[in-house]
Amino acid sequence: MTATAPTRRPARTAGRLRWSLRLERRLEVPRWLPVATTVGAVVAALVISGIVLWIAGGDPIAIFVHIARSSFGSLGVLSDTLVKATPLILTGLACALAFRMRLWNIGAEGQFLMGAWGASAVVLIPIVPAGAPSIVTIPVMMVAGMAAGAAYGAIPGLLKAVRGVNEIIVTLMLNYIAFLWLSYWVFGPWSEGGFQLSRPFPPEAWLPRLSDAAEAVPAFAGLTVHLGLVFGLVAAVLVRFFLFRSRRGYEVRLIGDSPRAARYAGIDVTRNTVLVFAMSGALAGLAGMSEVAGVVHRLQQAISPGYGFTAIIVAYIAKLHPYGVVVASIAFGALILAGREIQPSGIPAMIQGIILFSLIASEVFLRYRILFERRDA
Amino acid sequence: MSDAPTDPRPLAVEMRGIVKRFPRVVANDGVDFELRIGEVHALLGENGAGKSTLMNVLDGLYRPDAGEIRVFGRPVEFRSPRDAIAAGLGMVHQHFALVPTQTVTENVLLGLPRPRFRLDAGRYDDEIADLARRHGLAVDPRARVWQLSVGEQQRVEILKMLYRGARVLILDEPTAVLAPQEAADLFRTLRSMVADGTSVVFISHKLAEVARIADRVTVMRRGKVAAAGIPIAETTTAGLAHLMVGHDVLETIERTQRSAGPVVLSMRDVEAEGDRGRPALRGITLEVHSGETLGVAGVAGNGQSELAQVLTGLRRCSAGSITVNGVETSSRSPRQAIGQRVAHVPEDRTGVGTAPNLSVADNLIMKSYRDAPLARRWTIDSGAVRRFANRLRETYAIAAPSVETEARLLSGGNLQRLILAREIATQPRLMVAVQPTRGLDVGAIATVHRLLLDQRAAGAATILISEDLDEVLAVADRVAVMYEGRLVGLFDAEDADVAEIGLLMTGGGAPTAGTPVSAPGVP
């Protein structure tokens, strides 16, 4: 849409002609626009990252090609990307669900760790007798991981619902507590020979991998992608169903948009706050379970490179939509994987950061129309 | 062009061929408008007719897509309200832009280049007090804005503009927030200002007040001028209404004979506290029968909001009893109130009555999503929701492209239709409607009244809380007057004395302290 210059237009005088930029509030957002701005923001972020890489003396094109090849270039690396994406999908869903109700759960990291701890306890205490078959061990580990995450998520939920305590601060601090809790167990009771890791889990506690079927399908040989990915995909479908097809999900969306309208509609905001926090914690807890049972096969201090925090970005990029979380998680999984190929730290984190900032900045295009105007000063 | 060469007064503002487009709407479509020096020029039109857009263009908030503006004869192109005020144009919006914790003087000075470093408050206080006195704007320059009534805050906004040298004042629906007495004060001020050579644009959709205050009137309809600058003496209320809506509006409401049934709502000595812990309801006792409408009149802030909240479960009573259909309900939740089929048309349509970013369908099911046929155990049947929403959209003529449209995109009248449709769909026994027509245009007001009367005919008991006494008298069977949390009068609407009610509303009726007026039985 053009901003027609007003009718009066005196002769140009050199040097006094100016372009100016003006924001005008949008009354309506076309359906395609959110998708377009998201894609546009990612492209812009890659361009900016490319410039930084170029200044640093790298060849941006070569680097991006390298990233693409080392994350999607073959079946093997694609499988590795999906392994990295799995915990992001589940923690991303945890964040997206809570954020839908405007509950700022930034404690997915802590809930992830508690889930990992709960699942490990099944093997290490042990809750299930040693030698029990997978069909028993794995479901019990899932329940234990989700229960631990849910209980841990319910703490900020209860504090907020009953006493109005700010959930951002509580969840942030609970992350540290979870980390130290985990450290206590891996340094102390569950330490193997004094190292900060537990003894390995027996194979009955391992999530099946594609490579397990390599005898039947030779192409699967070496593929590490595990059952946790299926948990993530199923969870995405369930969260979507919950939000858009269930009564409780309707309440969550209503509270998220207008707590006062929700109260007017007779909805119990307090109870939903606790419930959604617990559900969010359960999803993050399942991510922790899937990581110890599917990837590391033991409990150790370093099981998360910050999945619970990256999940916040993932949920935002996905615009809090469950299926968007899956797509964004795979993209970030690729970045994490390929990032290690380029540089141990630094560049990959920079690219992530620039993507996040671009996405936040792109919101302005959703709220405003940008008008360029030529003016005679 | 309807230039009247006979009028010697020069033009303060001249707008020619103004076009302003928004996505999908042309808010102003070749609009001409002129304002003479020293007149009150009313800009009349329904909600969404383009009045505010036109004035926002004049004030520099929007830039026109086409058209030409002259102010005091000079062509202008404003980039912002700052440019407009420099040219002598000041606009007072419906929502004030004041800092509550600062004094009147500080608010007036805010954003001005002087004083630069040191605020010599005393000197400016006197200057502003003097300016206020000259224009009959009674306000204490040392008071902090949060202490002021809405009427006083409006005066501060006007002072801000005058202090900046505004010779043209644009007032966007200034009386929407005012009590009748405050409106009368405003009109007196405007009269004295135009006598001093200030010019005023008065945006309104209320015919009566336009007839009272304006010298000339320009009527807008759907982004175009329906009538330009007619002297008010040459108009009739009916004629203006016709120009505004394009068809004749029945100003009188056809009312069927009251056929009151059994008591639906009974309140006995109900007390409740307001948000700040002060008593808001003091011993309210009343009864409302099936098929009857009780109007509650009063100036805003005398306990009407709390009365509605107590009835709908949004606020707890501290004493007394409330029964609905014989069931004690004084301490219940909104959920229980909904279960007892108490419907609520809330005062705040966008903050409470709807969730702005959810779809029309999601907003329509707010009260019925728990029950069949919309709910199937713990899921919601999306097909049933769509059918339900489409049926309501058609029955109540909610103008929205589809039921998937977000509610915030609806106009005020359509939003109110949505709320009424939703509430009526619950087949209420008791309908509590708070300010249901505030800010709506003539056509939408008629719709709301008709829907409320239909409910009455269907046997619902209705409580209509409104600051608009004409509305209360037109719609209600009985009128209760509230003042400082008490019922200070109860009349049959047919033989109610407007002057007496007005007196009671403003505390002039010497209320019989502490003794609520008991509800007379219905014949």
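Select helix 4 (residues 108-124) and helix 6 (residues 167-187) of chain A in this predicted model. The two helices pack with their axes 7 Å apart, at an angle of about 25°. Because angles under 35 degrees count as roughly parallel, helix 4 of chain A is roughly parallel to helix 6 of chain A. Their crossing is left-handed.

Now display the side chains at this contact. From helix 4 of chain A, select Glu109(A), Gly110(A), Leu113(A), Met114(A) and Trp117(A).

Next, remain in chain A and select helix 3 (residues 75-100) together with helix 7 (residues 228-245). The axes of these helices come within 8 Å and cross at roughly 20°, which means that helix 3 of chain A runs roughly parallel to helix 7 of chain A. The crossing of this pair is left-handed.

Which residues of helix 3 and helix 7 of chain A make the contact? Helix 3 of chain A contributes Leu82(A), Thr86(A), Ile89(A), Leu90(A), Leu93(A), Leu97(A) and Arg100(A). Facing them on helix 7 of chain A are Gly228(A), Leu229(A), Phe231(A), Gly232(A), Ala235(A), Ala236(A), Val239(A) and Leu243(A). By class, the contact of helix 3 with helix 7 of chain A comprises 11 nonpolar, three polar and one charged residues.

Proceed to the interface between the chains. Select the 35 residues of chain B and the 22 residues of chain A that form the contact. On the chain B side, four elements each supply at least two residues: strand 4 (66-71), helix 10 (334-339), helix 11 (349-353) and strand 18 (379-380). The side of chain B that touches chain A has 19 nonpolar, eight polar and eight charged residues.

Finally, hide chain A and colour chain B by domain. The domain assignment of chain B gives domain 1 as 11-245 and domain 2 as 263-505. How far apart do the C-alpha centres of domain 1 and domain 2 of chain B lie? The separation of these centres is 33 Å. The contact between the domains takes nine residues from domain 1 of chain B and 10 residues from domain 2 of chain B. Select the domain 1 side of this contact in chain B to find five nonpolar, three polar and one charged residues.

Notes. Residues numbered from 1 in each chain as written. Chains lettered and ligands numbered in written order. Predicted model: local features only at pLDDT ≥ 70, side-chain atom pairs only at ≥ 80, totals over all residues. Axes fitted to C-alpha atoms, helices over the stretch in contact; angles between N-to-C directions. Parallel < 35°, antiparallel > 145°, perpendicular 65-115°, else oblique. Left-handed = near helix turned anticlockwise from the far one by under 90°. Contact = placed C-beta atoms within 7 Å. Nonpolar A, V, L, I, M, F, W, Y, C, P; charged D, E, K, R; others polar. Domains from an automatic or database assignment.
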